[in-house]
Amino acid sequence: MKTVFALCQRNLKDFVRNKPRLILSIIFPFFFIYVFSSIFQNEYIENPISLMLAGIAIATVFDVTLRISSSTIDDMSSGFMKEVLVSPVSRLSIAGGQFLSGAVIGTMNGMIILLGGVLLGFRVTSPLTVLYIIAAMVFVGFVFAGFGLFMATTTKSTQTFQVVSMAITMPMTFLSGAYIPVGDLPNVLQIITRFNPLTYAVAMFRSVSLEWGGLPLEQQIHLGVSIEIGNFVVTPMISALILLGFGALFLLLSTLAFMRTDFSKMSRSAGDAVDWG
Amino acid sequence: MNPIIEVQNFTKRYGKFTAVDDISFQVEEGSIFAFLGPNGAGKSTTINTLCTIFEKTEGTLRIDGKDVSTQKNEVRKSIGVVFQDSTLDKKMTVEENLRMHCVFYRVPKREVEERIAFVLELVELSEWRRKRVSALSGGMKRRVEIARGLIHFPKVLFLDEPTTGLDPQTRAHIWEYIVKLQKEKNITMFLTTHYMDEAEICNQVAIMDGGKIVANDRPFELKKQYTKDRAYITTERPEELERLLRAHNLEFVQKPKYYRVDVDSVPGLLQVLGDQKDVITDLEVKKGTLNDVFLEITGKEIREGGES
């Protein structure tokens, strides 16, 4: 357990020390809010800024969590993983450290967005909501931390990972309703959003942070926090269950993959991956 | 002799390729043991298997009585490793690297401060404690790795090419630390090197070639067994010298300025020359080196300073 916290602390330090990255990860979401907020104006929505903020905050949690949990790949290629492998530390605690780091740092970043959002008019009525928001962010963080580590352990090389990561996270982010309302997308893309776990994270988080849980189902569907699939309605609660399933699956898969990976065959470049010496 | 490392009939194959072919050896506790050999001889494979990174194909490997295949964690606790390539966490400072290592190896919290100070003092990097690793030079990084490999007080320290790519001064320093640790802390040092002069310092040298150990002894014994001392004689009266050497059945090679004589024993030569001291103007004797041993056994020069 000590190792898990030590690794988390290390990733946190690294995250704070890399100033340009830190500043960009805070500025970018606000830039998006500015660009996209006009799209969200419709008859049902009084405050498009809050809706945007909630969506972008959780998309940021997703993005940062994924990046942190998959930073394992940098450690593998920099050689640091070799130091870990000859030490008596269990791989399980290394994986645990990556998950916790991802969830914690993702949540911190998401909270910064919402705090900035207060200046733009984001409000909650109950202090309890703040707790719910944090809990929801940590939850979403863990859900996608497994996904991040899974991508990192299965791709194994830094270059491949960057391509794969872009190809997966970009469409996931834009087809989740966080930046562009799902209803404004072409039909084919709307169908794809139903298969995107981030869609459910966005819906659930909006329902929690904007305190829309008590609204009638009809209105929830119009606001996009409940999702109709044929005759079935995915309420925020069901969204949370879907996420739980997805998260549990990938936490398990990535842990197994990470424990089985033969890191001795990995190296800086593919060329000297196998060392006969 | 109390062996801390015991290897019996160790074989490692990659598919059809045999990297290490049925080797056996022992390393005495508290000694400096060196693996010498050209690239691809199987040195790194052996060291990586002993460090629990690779899985053996056949054989028994034990460190401090623990089996490296079945008691991995026990073995890991009792060894420190300095790899050929840096395995430091470049994003963190020197101190943070050492602290993380202490967490991994469960060094008691109250001892951490003291041990960090001790190892940094040893490798003379106390002032660099709070610097980011990425800001350090290659030699300093290697010293940090050595410090880190020692902080959990291992019984055996593995060093894979610890001085490759470093300037002569840093190399000398690193050897100072190694010898000091062996003497003062009785830590067993297991290393691989390309540098023959470094191997001379070791208590025991095993020469590997083509996956086999072709010789394994003290440097002094190896030289005695595989090399001859070489005498260079200058003279003003060549005919008399030649006659003298022939009379004692000593083979010689005539060079423009001197005669070269390979001898089994220097005292023997001195006795021969003692009779006719005035024949020679100058005499120089060169002892055989490990390089000669290597050349004699494997028939090839070891490539100096390269990566394996």
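This is a predicted model: local features need pLDDT of at least 70, side-chain atom pairs count only at pLDDT 80 or more; totals for chains, interfaces and linings use all residues.
Figure 1. Chain B contains 11 helices and 14 strands, and its C-alpha trace spans about 75 × 45 × 35 Å along the principal axes. Of the 308 residues in this chain, 52% count as buried. The exposed surface comes to about 14500 Å², with carbon and sulfur atoms supplying 45% of it. As for charge, chain B carries 47 positive and 49 negative side chains, and the centres of these two sets lie 6 Å apart.

**Figure 2. Strand S8 of chain B and its covered faces.** Here we look at residues 188-193, which make up strand S8. Because six of its six residues are buried, S8(B) is largely enclosed by the rest of the structure. In a regular strand, side chains alternate between the two faces of the sheet. On one side of S8(B) sit Thr188(B), Phe190(B) and Thr192(B), and on the other Met189(B), Leu191(B) and Thr193(B); both faces are covered.

**Figure 3. The parallel partners of S8(B).** Strand S3 (residues 32-36) of chain B runs parallel to S8(B), and five bridges join the two. Look for Ala34(B), whose bridge partner in S8(B) is Leu191(B). S7(B) also pairs with S8(B) in the parallel sense, again over five bridges. In that pairing, Leu157(B) stands opposite Met189(B). Strands of a sheet pair through backbone hydrogen bonds, either parallel or antiparallel.

**Figure 4. Helix H1 of chain B, a mostly covered helix.** Eight of the eight residues of H1 (residues 43-50) are buried. Just after H1(B) comes Thr52(B), with a positive phi of about 70 degrees.

Figure 5. Glu161(B) has a phi near 50 degrees and sits in the loop between strand S7 (156-160) and helix H6 (168-185) of chain B. Is Glu161(B) buried or exposed? Glu161(B) is buried, because its relative accessible area is 1%, and the cut-off for buried is under 20%. Asn249(B) has a phi near 55 degrees and is found in the loop between helix H9 (238-247) and S12 of chain B. Asn249(B) counts as exposed because its relative accessible area is 72%, where exposed requires over 50%.

**Figure 6. An open antiparallel sheet of four strands in chain B.** The strands follow the order S12-S13-S11-S14, with antiparallel pairing. Strand S12 (252-254) and strand S14 (280-286) of chain B are the edge strands, each pairing on one side only. Ignoring direction, neighbouring strands of this sheet are turned by 20 degrees against each other on average.

**Figure 7. Strand S11 of chain B beside S14(B), with helix H10 lying across.** S11 (residues 229-235) and S14(B) pair in the antiparallel sense over six bridges. To find your bearings, pick out Thr234(B) and its bridge partner in S14(B), Asp282(B). Helix H10 (residues 266-274) of chain B lies across S11, strand S13 (259-263) and S14. The helix runs at about 175 degrees to S14(B).

Key. Residues are numbered from 1 along each chain as its sequence is written. Chains are lettered from A and ligands numbered from 1 in the order in which they are written. Side-chain values use heavy atoms; hydrogens and water are left out. Buried means under 20% relative accessible area, exposed over 50%, partly exposed in between (1.4 Å probe, protein chains only). Accessible areas come from the Shrake-Rupley method with a 1.4 Å probe; for residues, only the protein chains shown count as cover. Lys and Arg count as positive and Asp and Glu as negative; His and the chain ends are not counted. The place of a charge is taken as NZ of Lys, CZ of Arg, CG of Asp or CD of Glu. Two strands pair if DSSP finds at least two bridges between them. Axes are lines fitted to C-alpha atoms, for helices over the stretch in contact, and angles run from 0 to 180 degrees between N-to-C directions. Contact means heavy atoms within 4.5 Å.
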